[in-house]
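Please examine the model below with regard to helix packing, backbone geometry and nonpolar cores.

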Amino acid sequence: MGKLFIVPTPIGNMEDITLRAIRVLKEVDLILAEDTRTSAKLLQRFEIDTPMLSHHMHNEHKTVEGLVSRLSGNETMALISDAGTPAISDPGFLLTRACIEAGVHVECLPGATAFVPALVNSGLPNDKFVFEGFLPPKKGRQTRLTLLAEEPRTMIFYESPYKLVRTLTDFSQYFGEDRPVSVSRELTKMYEEQVRGTLSEVTAHFEQNPPKGELVIIVGGAR
């Protein structure tokens, strides 16, 4: 029986990969990568010459069965995403579930994920929180925001720079302009930034300073 390793990769700073992750990526038979072009840079940096196979949201439904069949033999594989921990708003859940159902051992390594440093840096309560990831762009968005308006725990969202102001504006409408928020941008990279304040203040900041890069939004819970 083979084995599937879930391997987190750096979200920006290449030094944030673990020694164990490097070893596993060198030892497995195959690396399943969200984008082989992006992952090739990481593998080259750490002199990893393991073969790669593309595994992303557009093909995972078609490839899962074949991969599980190979893993049920004697192959070992590592699943990586472009950045962070696979299956957290990235491909990985379908393959993990299929492996578990087939009796294939799955091992997830600890490592980088964007929402943890963003939450800790926010200064908002982090003893209890809820991860929402990306909100629905259209259908179901209003329903979700209405439900979350009464959520007492700190909330975590991912968003693209092109939709940030719209999302913050929606939050103001449903949660109130005075709700505390922290937006983390380009975590672990050269231009890392945290913008904290009320929804009104932070929205105004990004209206004047259009954001670039990956974003994590931390919103205080209802009181």
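The questions and answers that follow concern this predicted model.

Q: What is the handedness of the crossing of H6 and H7?
A: H6 and H7 pack with their axes 9 Å apart. The crossing that these two helices form is right-handed.

Q: How many residues of the contact of H6 with H7 are nonpolar?
A: From H6, the residues involved are Arg141, Gln142, Leu145, Thr146 and Leu148, and they meet Arg166, Thr167, Asp170, Phe171, Tyr174 and Phe175 in H7. Of the residues in this contact, three are charged, three are polar and the nonpolar ones number five.

Q: Which loop contains Ala87, and is Ala87 buried, partly exposed or exposed?
A: Ala87 is not a glycine, yet it has a positive phi of about 80°. Its position is in the loop between strand E4 (76-80) and helix H4 (93-102). Buried means under 20% relative accessible area and exposed means over 50%. With a relative accessible area of 35%, Ala87 in the E4 to H4 loop is therefore partly exposed.

Q: What is the phi of Ser89?
A: Ser89 is found in the loop between E4 and H4, and at 35% relative accessibility it counts as partly exposed. Although Ser89 is not a glycine, its phi is positive, at about 55°.

Q: Which element supplies the largest share of the largest nonpolar core?
A: This core has 20 residues, of which Leu168, Phe171, Phe175, Val183 and Ile217 touch the most other members. At least two residues each come from H6, strand E7 (154-159), H7, strand E8 (180-185), helix H8 (199-208) and strand E10 (215-219). The largest share, four residues, is supplied by H7.

Q: Which residues does Leu168 contact, leaving aside its neighbours within four places in sequence?
A: Leu168 is among the members of the largest nonpolar core that touch the most others. With those sequence neighbours set aside, Leu168 is in contact with Val181, Val183, Leu199, Val202, Thr203, Phe206 and Ile217.

Q: How many residues form the other core, which lies apart from the largest one?
A: In soluble globular proteins, nonpolar side chains tend to be buried together. The other core includes Ala21, Ile22, Val24 and Leu25, and its residues number 17.

Technical notes:
Residues numbered from 1 in each chain as written. Predicted model: local features only at pLDDT ≥ 70, side-chain atom pairs only at ≥ 80, totals over all residues. Heavy atoms only, no water. Axes fitted to C-alpha atoms, helices over the stretch in contact; angles between N-to-C directions. Left-handed = near helix turned anticlockwise from the far one by under 90°. Contact = heavy atoms within 4.5 Å. Nonpolar A, V, L, I, M, F, W, Y, C, P; charged D, E, K, R; others polar. Buried < 20%, exposed > 50% of the residue type's maximum accessible area, 1.4 Å probe, protein only. Core = buried A, V, L, I, M, F, W, Y, C linked by side-chain atoms within 4.5 Å.
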